[in-house]
Amino acid sequence: GRTTREWQAADASHFLHPFTDHQALASKGVRVITRGEGVYVWDSEGQRILDAMSGLWCVNVGYGQESLIEAATQQMRTLPYYNAFFQTTTPAATALAERLAARTPESFRHAFFCGSGSEANDTVIRLVRRYWDLMGQPQRKVIISRLNAYHGSTMAAASLGGMSAMHAQGGLPIPGIVHIDQPHYWAHRHGAAQGLDREAFGLLAARWLEDKIAEVGAGNVAAFIGEPVQGAGGVIVPPSTYWPEIQRICDRHGILLVSDEVVCGFGRTGQWWGCETFGTKPDLLTFAKGVTSGYVPLGGVMVGERVARLLIEQGGEFEHGYTYSGHPVACAVGLANLDLIEREDLVARVREDTGPYLAQQLATLMEHPMVGEVQSCGLMAAVQLCRNVPLREAFAPEIAIGMVCRRHCFDNGLVMRAVGDRMIVAPPLVITRGQIDEMFALVRQALDRTLAEARA
Ligand code: PLP
C-alpha cells in the first residue's frame, strides 16, 4: 500500500473532486478513507471517524452489511448487466419496482429507475411536462421550487435547486423554473416571521406558493417540487402547518406535487417517507441514496397513478431513459437493503427510539453559548451557530464559522456537515443510543473548540 502522503500527491495531480475548492484542498491534503464498519469509517492513518452524515445521507444501514454484499456478488455472477429499453427486463429490476410500489403510499404503482437523484429529478421535469402535453395543456410548463433547495447537479436538477452559487456557474436556471423562499423560521426571524409563532409562519410561507402561482398564472404552472425536510439546504424542518397548506394550494390549482425523498425516504424521518411524516399526497416521488444505502448507485421516480395511467394509456413511447435504468446489480442490492430495513425494523426504531433520543440530546445543546436554534426530524438534525444568542445575531460570513466547526469535528473523529453557519447530522439509521451519546460528546467538544477559536 501507499502512504497517506503518496495518496495525497497522486490525488492532487489527477483527481478533480466534486464541490471542492482545489486550492484549499492542496493546502491541507486530502483525507483518504480506507474502510468502514457500522457507523464508523477509518482513514489511511488508522483514525476512526464516527460518520454522522452516513456518507452523503445514504449509508442508512451502516457499513459492511453482508447481505447487501452477498446480493451484489450473486447478481454480478448471474447477470451483471442487462437493460430495460427494448421490451426486456431482469428479475431484480421488476421485483424492486413491485416492492417499491408496495412500500410507497397507495397512489404509487409504478417505478421509473435512474442512476442517481439528479437523474430522478431530471426525469420529473420531463414527466410533468409530458403529463400536461397529454392533458392538452402544453402551456403548463413552469415548475416552482424553493430557494436554497438541493435537487442534484445535472443542469436541469441544479435549475430545480435553489443554490445561487450553482446557478452562477453555467447560466442557470434553465427556462421555466422559478423559486419561492423556504419555510425557515430562524432565517426569517428579523423579517417575515417577526411577531408570528411557528405555525402562523408556516401558513405564511406556504402562501408564497400561491403568490408565485398568481404571478406566473395558474394555467402555466405544471408542478411544485420540494423536499419534506430540506436536507442539504440545512435540515430545515418546516412548521407543521406548512405542507398541508402546500397540498391545499396544489389541489386548488390542479398542480402536480413532487416530493423529493432522496434524503427523507427509507425511514430517515421516522416514517418510510417524508410525505407521510408531513401529511402530503404527492403525485411523483423521487428517491436515490437510501434505496441501496449507497452501496451502489441507484435512483428513481415513483409515478403516481394520475400521471402513470395517462402515460401508459395515451403516451406512446416515452422518450427518456438511461443505460443504467433498472441496473440489475443495483436493484438486487436495493431488494436486500429493503429486506434488512424491514428485518431490523429500522423505521420504527427511528420513530420510537433513536429519533426521540437524538431530539432529547440535541435540546441540551441549547445551553451552549453559541447555539441559537436546534431542529430535528427523525435522524436528521441541525444546530444553528450564532455569535450572540440572546440577540439572535449571526456571525460575520467571512469567519465561516461552520467550516471552523466542521474542521474541529473532523480532526476529532466526527463527520458533521456545515451549511453556512448551520451544523448538520444524519447518522446511519442503525446508530445506537450509546453511539448517539458518543456523537454528542464529540459535537460538544467541537463547539467548545470553535467558540475558543472564534473568541481568540
Ligand atoms: N435531491 C436531494 C434532496 C439531494 O439531497 C440530492 C443529493 O444530495 C439529490 C437530489 C441528488 O442526488 P444525486 O447526488 O444522487 O444525484
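**Strand pairing**

Before I counted anything, I reminded myself that two strands pair if DSSP finds at least two bridges between them. With that in hand I looked at β11 and β12 (residues 380–385), and I found 6 bridges joining these antiparallel strands. Within this pair, I noted V374 standing opposite V383 in β12.

The chain has an average pLDDT of 97, and 100% of the residues score at least 70. For the complex, I wrote down an ipTM of 0.99 and a pTM of 0.98 from the predictor. A reminder to myself: where pLDDT is low, predicted coordinates should not be read in detail.

**The sheet**

Next I asked myself which strands form the open sheet, and in what order. I traced 4 strands, β11-β12-β15-β14, with antiparallel pairing. At the edges I found β11 (371–377) and β14 (417–419), each of which pairs on one side only. Going from one strand to the next, I get an average twist of 20 degrees.

Then I looked for helices packing on this sheet. Helix α14 (residues 346–364) touches β11 and β12, and I noted about 175 degrees between its direction and that of β11. Helix α15 (residues 401–411) also packs on the sheet, where I see it touching β12, β14 and β15 (422–425). For α15 I compared directions with β14 and got about 180 degrees.

**A helix crossing**

I moved on to α6 (residues 117–134) and α12 (residues 305–314). Two packed helices are described by the angle between their axes and the distance between the axes, so I looked up both values. The axes of α6 and α12 come within 10 Å and cross at roughly 65 degrees. I logged the crossing of α6 and α12 as left-handed.

Which residues make the contact? On the α6 side I listed L127, R130, Y131 and L134, and on the α12 side V307, L310, L311 and Q314. Sorting the contact of α6 with α12 by class, I have 6 nonpolar, 1 polar and 1 charged residues.

**Around the ligand**

Last stop for today was the ligand. How many residues surround the ligand, and which are the closest? I have 16 residues around it, with S116, G117, S118, G152 and V262 as the closest.

How values were computed. Residues are numbered from 1 along each chain as its sequence is written. This is a predicted model: local features need pLDDT of at least 70, side-chain atom pairs count only at pLDDT 80 or more; totals for chains, interfaces and linings use all residues. Axes are lines fitted to C-alpha atoms, for helices over the stretch in contact, and angles run from 0 to 180 degrees between N-to-C directions. Helices (H or I, at least four residues) and strands (E, at least two) are DSSP runs, numbered from the N terminus. A crossing is left-handed if the near helix is turned anticlockwise from the far one by less than a right angle, and right-handed if clockwise. Two residues are in contact if their C-beta atoms, placed from the backbone, lie within 7 Å. Ala, Val, Leu, Ile, Met, Phe, Trp, Tyr, Cys and Pro count as nonpolar, Asp, Glu, Lys and Arg as charged, and the others, Gly among them, as polar. A residue is near a molecule or strand if its C-beta atom, placed from the backbone, lies within 6 Å of it. pLDDT is the predictor's confidence in each residue, from 0 to 100.
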